[in-house]
Amino acid sequence: MEDVDPSTVSSETSLFVEVEEVFQLISSLSVSPDNSSNQLVGDRALARLRVVFDKYLECSSLIDPHLEKFVTMLSNKAVHIAHEFHDIQIDNMEDVAVQSFADEEIQKLGNFKRILSAIYSVSKVRGRKHVQKFLTHDVRDVEPILHALRILESLPEEGGIDTECHNWESIYILLVWIGMLSLVPFDLNTIDSSIERSKERSSSSEDVSHTTLISSMIMTTRRHLADSGPTREAASSSLASLLSRPDLEQLELEKFVLFSNSVLKEYLLSEDTLGSQTGTTTIFLVMGVVHTLAAIFKTGSRSNLIYRHLKYVEQIWEQAILVADKAAAKQEGGQLSNAGGALLLRKLLAKLFARVGCSYLPPRIADWRYQRGRRSLLENLSSSQTVQQSSSITVPCVQQEKKEIKDDTVDLFTVPDQVEDSMAQLIKSLTDPATTVRWSAAKGIGRLTERLPAVCADDVLDAILDLCTDYENDSAWHGACLSLAELSRRGLLLPDRLQEVVPIVIRAIQYDVPRGQHSVGAHVRDAACYTCWAFARAFDPCVLEPYIPALS
C-alpha cells in the first residue's frame, strides 16, 4: 500500500462533500426548551438532512465511510431521551400518557421524533440492515426503547407534536431498534424490571397483574404486522428475531404459529380480500405473517423448526399452499386480473416455499455440480503459470466432465414430499406476471437444487425447459431464463445438458411477440443475455466452444 497514491485511496471519502454540514445539522436537531421558536430550527435542520441524504439515493455506498459516525451520534442522542422517559415511568410506577407531559417533556419528545426521523432518512438511503448494526444495543436500552415505542404509538398519526416529523418514521426506527436489541445474549427475564416490581407489589398486597417484558415486546411488534406501510416490514423482522431466540423458541414460537394459522384460515375463508375494509386489513396482516415466517426460517435454526415443531410447520405449510393458489394472479379475457392477490404476498410466499423446502434437506452443496476451478480473480492472478499449465494438460476437458457425471449416481437419498411441493410452487411462480416474484422464485430454485441429488436436479431442469413450450407466454420464458442463469452460476447445469438448453436460449435472445400495435419481449431478451453471461462465467471455454457460433 505504500506505493499507491494516497489521493487515490482516499478519493471515495471525499465524494461525500456535505460531511461537516451533516454533523452540524445533527447537532441542531435537539433544540432547547427555553424558547419554543427553536422548534423551527430543528425542523429546518431535519428538512435539510433529508435533502442532503436523498442526493445519494442512486449511489448510497458513498456515505459508508461516515455511516457509523452518523448513526452512532444520532442513536446516542435518542437513547438518552428514551432513558429519561423510562425514568419518569418508573417514578410514577405506571405508563405515563402523553397528555400528562409538561411542556419541557413535550419538547424532548419533539427532539426525540426529529432524531428518529433523521435516522430513518439515513436508513431510506443506505438500507435498514446497514443502519441497524450501528444502533446502540446495550442491555439497559431494551426497556427504555420499548417504552418509547409505546409512547409514540399513543400519538396521533397526523397533526402531532412536529410538522416535519412523521410518526410512522419514528415507529419504524424503534421497531428496527428492537430487532437489534432482541439479539442480546441474556435471558430476557433476567433484565425484566417488571418482575421485580410485581414481587414488591405482591408483598404489599397490591394488584400483582403485570405484563412481562417478553410478552410486551411480542405484542407490540405483532400489532404492526397489519400496517400498510414500511413499519410492517420492520415489525416482521423484529418479531422473527425475537421468536428465533433459544429462550423463546419453545413456547412463544408455537403461539405465533397457531396465530399465523388462524390468520391464513381467515384469509382463505374471506370472499373478497381487496373489496372491503375488513379484507384490506386481512391482506396486510397476511403479508406481515408470511413475512415473519419467512424471516424465521432465514434467521432461526431450521433443524429445530422442523424436528421440534414439525406438527405446526405442517399446518402452516398446508395453509400457505392454499393461500398461494388464492393469491395467484389470473389471466381473464386477455387482461391481468389481480383481484384476490397481491404482488408482495406472492413474492413473500416464494421466499417462504424456498426456505421451508431447504429446511427439509441436509445443508450441503451438491458434489455433482460442475466446477470450473478457481473462481477468484486474485487466486488466478497469484497462481503460477506452471500450475495453470499442469492443471490444463493433466485431464482433457471432456474426460473430466464425464468423470464428474459418472460419480453423480453415488449420492442418492429420499427427497421428502414437502420438497417436491415447494419446488412445484417455485416453478409455478416462474410464470408469475410480476418480475420480482419470478426473480425470487429463480433464486429459490437455485438454492433448493443445490441440495438435491443429480437425478432430481435433472427433473427440475426438465420442468424449467417445459415452460418454454408456449411461445406466447413471455412471463414463462423470462422466468425460465432467470432460473437457467441461476443454475449455471451455481454449477448445477451440467455440460451434457447444454445441447438442450442452448437452442432455447437462442430463441429467447430473438424473442419478440406482437401484441396489438406493439411487441413484447425486451425483458425476455435481457434475461437471455444474462443467461449467456452466466454460461461464460460458469463453463470452461472448451465446453462452450461448439455453441459459440450459434450464440453469436
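Predicted model: local features only at pLDDT ≥ 70, side-chain atom pairs only at ≥ 80, totals over all residues.
Residues are numbered from 1 along each chain as its sequence is written, and side-chain values use heavy atoms, with hydrogens and water left out.

## Overall composition

The protein comprises 28 helices and 4 strands. These elements are DSSP runs numbered from the N terminus, a helix (H or I) having at least four residues and a strand (E) at least two. Of its 552 residues, 49% count as buried; buried means under 20% relative accessible area, exposed means over 50%, and partly exposed lies in between (1.4 Å probe, protein chains only). Contacts are defined by heavy atoms within 4.5 Å. Among contacts with a separation of 6 or more, 78% come from residues 24 or more positions apart.

## The nonpolar core

A nonpolar core is a set of buried Ala, Val, Leu, Ile, Met, Phe, Trp, Tyr and Cys residues joined through side-chain atoms within 4.5 Å. The largest such core holds 157 residues, and within it Phe112 and Leu345 touch the most other members. Helix H14 (residues 277-299) gives the most to this core, contributing 11 residues. Leaving aside residues up to four places away in sequence, Phe112 touches Ala78, Ile81, Ala82, Ala148, Leu152 and Leu174.

## Salt bridges

The structure holds 20 salt bridges, each defined as a side-chain nitrogen of Lys or Arg within 4 Å of a carboxyl oxygen of Asp or Glu.

| Arg114 | Asp43 | 3.3 Å |

Arg114 forms its salt bridge with Asp43. Arg114 lies in helix H5 (residues 103-126) and Asp43 in helix H3 (residues 38-54), so this pair ties together parts that are 71 residues apart in sequence. Both Arg114 and Asp43 are buried.

Lys428 belongs to helix H21 (residues 417-429) and Asp325 to helix H16 (residues 310-327), so the pair ties together parts that are 103 residues apart in sequence. Lys428 is partly exposed at 43% relative accessibility, and Asp325 is partly exposed with a relative accessible area of 32%.

Elsewhere, a network of salt bridges links Glu450, Glu486, Arg489 and Arg490.

## Aromatic and charge-ring contacts

The structure holds 16 aromatic pairs. Rings of Phe, Tyr and Trp (its six-membered ring) pair if their centres lie within 6.5 Å; planes under 30 degrees apart count as stacked, over 60 as edge-to-face and the rest as tilted. Tyr120 and Tyr172 form an edge-to-face pair, 5.4 Å centre to centre with 85 degrees between the planes. This pair links distant parts of the chain, with Tyr120 in helix H5 and Tyr172 in helix H8 (residues 167-181), 52 residues apart. Both Tyr120 and Tyr172 are buried.

Phe256 and Phe259 form a tilted pair, with centres 6.0 Å apart and 45 degrees between the planes. Both lie in helix H13 (residues 252-269), 3 residues apart, about one turn of the helix. Phe256 is buried at 3% relative accessibility.

A charge sits over a ring if NZ of Lys or CZ of Arg is within 6 Å of the ring centre and within 35 degrees of the ring normal. Arg222 lies over the face of Phe259, at 4.1 Å from the ring centre, and the charged end of Lys326 sits over the ring of Tyr267, 4.8 Å from its centre.

The buried residues of H21 include Val419, Met423, Leu426 and Ile427. The buried residues of this helix pack against H16, helix H17 (343-359), helix H22 (435-449) and helix H23 (454-466).

Ser483 lies in helix H24 (residues 474-489) and is buried at 1% relative accessibility. Not counting residues up to four places away in sequence, Ser483 touches Leu430, Ala442 and Ile464.
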